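Q: I would like to learn how to read a few features of a protein model. Could we go through them one at a time?

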Amino acid sequence: MAAITEVKVPDIGDFKDVPVIELMVKAGDTVKPEDPLVSLESDKATMEVPAPAAGTVKEMKVKVGDKVSEGSVILLLEAAGAQGAAAAAPAATVPSIAAAPSPVSTPGGVAEVRVPDIGDFKDVPVIEVLVKPGETVKAEQALVTLESDKATMDVPAPLGGVVKELRVKVGDKVSEGVVILTLTSDSARAAPPPPPAGEGRGGGAAPPSPAPPAAAASGIDETAFSVAYAGPAVRKLARELTVNLGSVKGSGDKGRITKQDVEAFSKGAPAKTAAPAAAAATGGAGGGVGGIDLLPWPKVDFTKFGPIESKPLARIKKISGANLHRNWVMIPHVTNHDDADITDLEQFRVQFNKENEKAGVKVSMLAFMIKAAVAALKQFPEFNASIDGDNLVLKKYYHIGFAADTPQGLVVPVIRDADKKGVAAIAKEMGDLAKLARDGKLKPDQMQGGTFTISSLGGIGGIYFTPIINAPEVAILGVCRSFWKQVSNDGKTSAWRFMLPLSLSWDHRVIDGAAAARFNAYFAAMMGDLRRVLM
């Protein structure tokens, strides 16, 4: 006799009241073990609850929009015999998670230590292995060192134990979720069994492995594929059908791509995609971001004209180049220029630094700019926003990024909660972050979450330029070297004033010209008399 089993939401950590965003089955459907049943989405991760056993869906207990927690019944599954019922026990159900896996997975007291969340970095080289098999380690002890073009990162031990096996060596490239070693530990907590063969190491929790060369040959844009709004099961289906998710318009909540979207796309149109953004920069024939077709990049034999030297682009330039190209092509940039009179503020800055010289406090003009920018963002909140589909997300926090020039290239550390800090505190934090940037030791979270960016060319030179907006932000302020200029307010008399040139680039989808002019004027007024910030 067939057994009816309640399939429940398994252990999903600390998440509660998680919305159901997609039903992947309906009553009467036949499912296999590990088939995704429903998709849940918290503010941190997208999770798919898989079938614990083969059977037929008898009844759905949830619908899209319902909120569930651990133990909530999602459906009734009809399985044949006691074996099916046993297999369907809730404890055996393991969610497939689109976000990063836990750094530790521990079957039977042996812990797999994985690369934790390292931000947007992928294929990061291992430059040093700090332990060896048989070595005893303590919690938080560094195990391996990774180095990207922006930062050097140590991966710490999540718990104490003995190194059983190393899975990486110097020179290997790793990403979030990759197993670096196994630890034997009595304190290791039990973990769910690994998924069946063929579903990838670490199950749905692991990040998608790089596509084989065949995927690239089939026309899949890996960059667009990786950022598409879809869960693991949908991504798997898309690869099976050779569908580029970047070209599929999602019909789910907030534009989420569903299985039906992928299936409809594969039947209704060939799996053709625009070439990756990098192709447009390095010689790709057409394509590009957002479906913009470009002429093929000219192929020239430069040796015909004289001696040359060929040198590969630094990795940071390759990464930032693709982002800059996307931002420039997809954001309708407009740049307004203006000048701020900082004569009095510069005199105060020099005097302040002289008075605090023995204390080691040194304030740059950029620290004052950050404070003035916060005041302007509060006055014009649409500049402290991001586009999310048809909605404008107005942020109630003020995290200001500043461009820092390093030997490895340009990076953008972020001053968090700049509205809650004084100028001196901002200056000190800027100095600390800039030093970490120069040493290549910035952590990923120190470069994330910015709401507005200031790019200062300082004393290098120039007057105005067009800074490129740092998506998903909607504006960026560029400043150049200050200069002396004769200014007349009445056309009869004039005086020499110390002027700071401003270049404000803004996203025309969100901001109009009048608002941009007012923002520049307001910012200039703040810099002209910073006492206004206190009002």
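**Reading a pocket, a ring pair and a patch**

A: This is a predicted model. The second largest pocket holds about 790 Å³ of space.

Q: Which residues lie closest to the centre of the second largest pocket?
A: In general, a probe the size of a water molecule is rolled over the atoms, and this shows where empty space is left. Here 31 residues line the second largest pocket, and Ser-364, Leu-366, Met-430, Ser-456 and Gly-458 are the closest to its centre.

Q: Which elements give two or more residues to that lining?
A: They are helix 8 (343-355), helix 9 (365-379), helix 10 (423-438), strand 23 (404-406), strand 26 (452-456) and strand 29 (495-507). Helix 10 supplies the largest share, 5 residues. Sorted by class, the lining has 18 nonpolar, 7 polar and 6 charged residues.

Q: How many aromatic pairs does the structure hold?
A: A pair of aromatic rings is described by the distance of the centres and the angle of the planes. The structure holds 8 such pairs. One of them joins Phe-383 and Phe-519, with 4.4 Å centre to centre and 25° between the planes. That pair counts as stacked, because its planes are under 30 degrees apart.

Q: Where in the chain do Phe-383 and Phe-519 sit?
A: Phe-383 is in the loop between helix 9 and strand 20 (385-388), while Phe-519 belongs to helix 11 (residues 513-528). The two are 136 residues apart, so the pair links distant parts of the chain.

Q: Which residues form a nonpolar patch on the surface?
A: Val-300, Phe-302, Phe-305 and Ile-308 do, with about 440 Å² of accessible area together. Phe-302 lies in the loop between helix 6 (277-282) and helix 7 (315-330).

Methods
Residues are numbered from 1 along each chain as its sequence is written. This is a predicted model: local features need pLDDT of at least 70, side-chain atom pairs count only at pLDDT 80 or more; totals for chains, interfaces and linings use all residues. Side-chain values use heavy atoms; hydrogens and water are left out. Patches are made of residues with over 30% relative accessible area and no salt bridge: like charges are joined within 9 Å, nonpolar side chains (Val, Leu, Ile, Met, Phe, Trp, Tyr) within 5 Å. Accessible areas come from the Shrake-Rupley method with a 1.4 Å probe; for residues, only the protein chains shown count as cover. A salt bridge is a side-chain nitrogen of Lys or Arg within 4 Å of a carboxyl oxygen of Asp or Glu. Helices (H or I, at least four residues) and strands (E, at least two) are DSSP runs, numbered from the N terminus. On a 1 Å grid over the protein atoms alone, a cavity is a set of points where a 1.4 Å probe fits but cannot get out, and a pocket is an open set with protein on both sides within 12 Å along at least five of seven lines; lining residues have an atom within 4 Å of a point. Grid points are joined across faces, edges and corners, and a volume is the space filled by probe spheres set on the points. Ala, Val, Leu, Ile, Met, Phe, Trp, Tyr, Cys and Pro count as nonpolar, Asp, Glu, Lys and Arg as charged, and the others, Gly among them, as polar. Rings of Phe, Tyr and Trp (its six-membered ring) pair if their centres lie within 6.5 Å; planes under 30 degrees apart count as stacked, over 60 as edge-to-face and the rest as tilted.
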